[in-house]
Amino acid sequence: MAARTLTILVLMLCGWCLCYPAHGQVKISGYITGKQQAAIPGTSVVLQGTAQGATTDSTGHFRFTTLQKGRQVLSISSIGYKTTEKPVVLVNDSITVNVTLHKDHKTLGEVVISAGAFEASDKAKGASLTPIDAVTVAGNGGDLANALRSLPGAQQVGEREGLFVRGGTGEETKQFVDGTWLKNPNFSSVPGVIQPARINPFLFKGILFSTGGYSAQYGQAMSSALILESIDLPDESSASLHIFPVNVGAGLQQLAKNKKSSYGINVDYGHLSLYNDIVPQRPDYFLGPEYGRGQANYRVKTGKTGMLKIYAAATFSNIGLRQPDIDSSHLKNSFRLRNRNLYANVSYRSMLGEDWQLRLASAYSYNQDDISLDLLNSGNEPLQLPGEVFDGKQRHTRTQTNFAQGRMVLSRLFPRNQALHLGAEHFYTADRYRSHDSLYPLTNQLTAAFAEGDIYLAAGLMVRAGLRFEHSSLLGRSTIAPRASLAYRFRDGGQLNLAYGMFYQQPENEYLFRQRDMDFSRADHYIVNYTKKAGNRLLRLEAYYKKYHRLPKYYPAISNAGSGDARGVELFWRDKKSIPQLDYWVTYTYLHTQRDYGNYPYALQPSFSTPHTVSLVVKRFFQDINLNLNMAYTFATGRPYYDIRLAGGDGKPQVHDQGTTRSYHNVNLSGAYLFSLFKKWKHKDFSGIGFGVNNIFGTRQVYGYRYSHDGLHKAAMLPPATRSYYIGIFMSFGTDRTEDFLNDNL
Amino acid sequence: MLFTALLFMILAVQAQDTQLENAVALLDKAQTVKDYQDLSARFTQAGNAQQTNWLPYYYAALCNAKIGFLLQDDGERIEPFSNEGESNAKQARELLRAGGNKKDLAELYTVMSMIYRTRVFINPMTYGRKYGPTSQQYLDKALELDPDNPRALYVQAWVKYYTPKMWGGDKDKAKTLLESALQKLAAQKAGGVEPHWGKTESEALLAKTGSKQ
């Protein structure tokens, strides 16, 4: 037996070495190219099972010699391309092998649908935005939407919260958390004073700010969608604390030992009276402003791929302020708001087998605003005055909104980032608006279904096509909205994007309370975009045209007789490389828009829009002194303002006066000095002193003008104070969340 | 006949060794991304051919780590090299598991630490939190296994030099570490296939600590 084995072994070895020296070496040469016949240097070409091979030179050529004979396989591999195997038969002195490699889209330069969108993800590479980049923009007050105003497409509207995108009103931007609509992202509005966000911006690992042409998975936003994805489990347990003169808070985040679940609680409370005593405010506050917030979350991994997340927040604000009345110098207007809000969101996602993914989400929110408007005499005593002029200035209203949403999306995933999404959602909204003794109830059931596919057409070419159906029980109408987006990636890494879509939205309640027989408004978007990212720099150019149909109007009767359009060009440039340790971005927004809506008599440039906006955001960390500085400068040309009143008999609105405000300049600076107080502790702390000044140079900023009833007087709408400041301390134990704290309190 | 066969087998193995030695000699002179890319391909080939020696994979991983360091300011391009380097390193560890000694393992962990460091470069703000600690863990392991490893000392110096003070950076400490790394390097053989890199790197960084930017 052993002898036989040995014989076979010897024979095999003989056969092997017989051919070895017999015919000398075989030369293998050739060149390796990509799709368009461009050489791929640095490609490894190797004879499988041997150490023999070569690497291509700068012209894509290679050459090596081997002693191997017969049927062999050449393995050709290069980073960014799929490894290719090429069978060869080695007989003669030399052979030539030319091979074309195909790009491997998994490893390098995937084409990504991106027209109209700014994505800030925790997976962002190079100069792409991360959620932290977005929320560290100086002077945003911990409000994500506010921070995103430093991106092109958004207008600088200092007197109101929200995003005014591409000629759209603030109501035309909607925020979504894990697929569900976040109905009241900010504390309820106070005239002329921007209100803070309800939700902590650090809950999110992914932020997609679409300024148009967004996916069919979302609806009811004619201009823009802010799509937020909440974080899964935290990396570690942690505890935190912050003390600012205007706000104090504490939090705890506990990760289970098995790292399968976590829970967290955060509370914070703010009262601005002390601050307002030190920094005089234009409005005369007699209540608060005070804000309270409690948040809780629970997250658990279920099974291999499942993730269940529950988030709940209860918030309140109390604000009362007095301002001089525009119609009479002896009078004052008093505004008092009590806001109560409850929000809960439950989401679940899991893979169903290899290729299917299920996402479920539901949200509930309750919001109550009690608003009292009163007339006061110069001694701040309330008084009752008759007459049309004062009618709207003496009013007690209560608005209660119950909102619930359920959503399901089933996705089939395919290779190369392809996917088919099928989904349905239902929104229930019940509004109860009480003014004096009248009750205006409004209940709506909105049902939506959508289908969308991300399809890989050819190398570097991807298309997304979708359809969205919606039916509103209140309007008794249905819509079908097609959406499409296309992306083509050039060989140099640049990408060309196109998008088109129809976006429907219900008229706001202010119309519907008085007129039910209305239709959806619609905006059509056409977008072309070029983006290039390389070397920690990012360039993005976008041009668009947007057409509004059936905008709501008050006159002659409440109807959908309005219309409008917007066109513009936007530029975004970010550079993290040119100046060491300095990160900056520059944006330019050009907007030309006109709309005939609301009380406008005909198409006008809306008062929240301006043709030119430029912003510069700079961030730098001074390592040696542990100091972090952020600066943001914004310039915007003036905004138009109008005195629109009903003309005598026929009740037609007329523009009695109009003008343009002075241009807007704003420089915000914020920073933090970081340190550690308890270095010896097992979980050492990450602490810091955060500080900031908004409008450092004290430039006069005018948002618009209000007119008296007779149009004889006009008063400028100004910020509550010329400058605003903050300073405070924050501490975190466990995980290093200094960055987060910093930003949360800016 | 049998003798001839055996002779050729020995020759073939020797050829592989020479090839590795040649590649390592080239690595000592490599400077550009392209140099390292070529070498990474060569080392991977050598590793695939031998299937038993951890060194070719170790060097392939090192090449990819080096590329990551060279591309430090180009976050968009780093990831494929980090991925490739990670898989090289894992292959090397598989081979080391069988008969690896502490010193070899320390060499490999040092390179793994560098690979995870390259992940941080993709976008320090977000990847730093996750991969910074992973990178440090491998470096700590390496220094635990072989506290005198000059390459581990060099990487530790690099970290100390570039980390902000707040997070434990210390330029003076970096200097001490580099001096000790160079001392240890001087005592080692500067050629052959065993890991011996680190002199140029340490000297370059030492020059920076001296100039006190």
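Is the crossing of H7(B) and H8(B) left-handed or right-handed? The crossing of H7(B) and H8(B) is left-handed, a term used if the near helix is turned anticlockwise from the far one by less than a right angle (right-handed if clockwise). The model is a predicted one, in which local features need pLDDT of at least 70, side-chain atom pairs count only at pLDDT 80 or more, and totals for chains, interfaces and linings use all residues. Residues are numbered from 1 along each chain as its sequence is written, while chains are lettered from A and ligands numbered from 1 in the order in which they are written.

**View 1. Helices H7 and H8 of chain B.** The axes of H7 (residues 150–162) and H8 (residues 171–186) of chain B come within 8 Å and cross at roughly 165°; axes are lines fitted to C-alpha atoms, for helices over the stretch in contact, with angles from 0 to 180 degrees between N-to-C directions. H7(B) is therefore roughly antiparallel to H8(B) (over 145 degrees; under 35 is roughly parallel, 65 to 115 roughly perpendicular, the rest oblique). Helices are DSSP runs (H or I, at least four residues), numbered from the N terminus. Residues in contact (C-beta atoms, placed from the backbone, within 7 Å) include B:Leu153 and B:Tyr161 of H7(B) and B:Leu177 and B:Leu185 of H8(B). By class, this contact has 10 nonpolar, two polar and four charged residues; Ala, Val, Leu, Ile, Met, Phe, Trp, Tyr, Cys and Pro count as nonpolar, Asp, Glu, Lys and Arg as charged, and the others, Gly among them, as polar.

**View 2. Helices H6 and H7 of chain B.** H6(B) and H7(B) pack with axes 9 Å apart, at an angle of about 145°, and their crossing is left-handed. From H6(B), B:Leu139, B:Ala142 and B:Leu143 meet B:Ala152, B:Val155 and B:Gln156 of H7(B).

View 3. Chain B is divided into domain 1 (17–147) and domain 2 (148–213), with bounds from an automatic or database domain assignment. Their centres, taken over C-alpha atoms, are 17 Å apart. Domain 1 gives 15 residues to the contact and domain 2 gives 10 residues. On the side of domain 1 that touches domain 2, H1 (2–29), H5 (102–122) and H6 (124–145) of chain B each supply at least two residues, and H5(B) has the largest share, five residues.

**View 4. Confidence in chain A.** Chain A averages a pLDDT of 87, and 93% of the residues score at least 70; pLDDT is the predictor's confidence in each residue, from 0 to 100. Over residues 5–22 of chain A the pLDDT is below 50.

How values were computed. Two residues are in contact if their C-beta atoms, placed from the backbone, lie within 7 Å.
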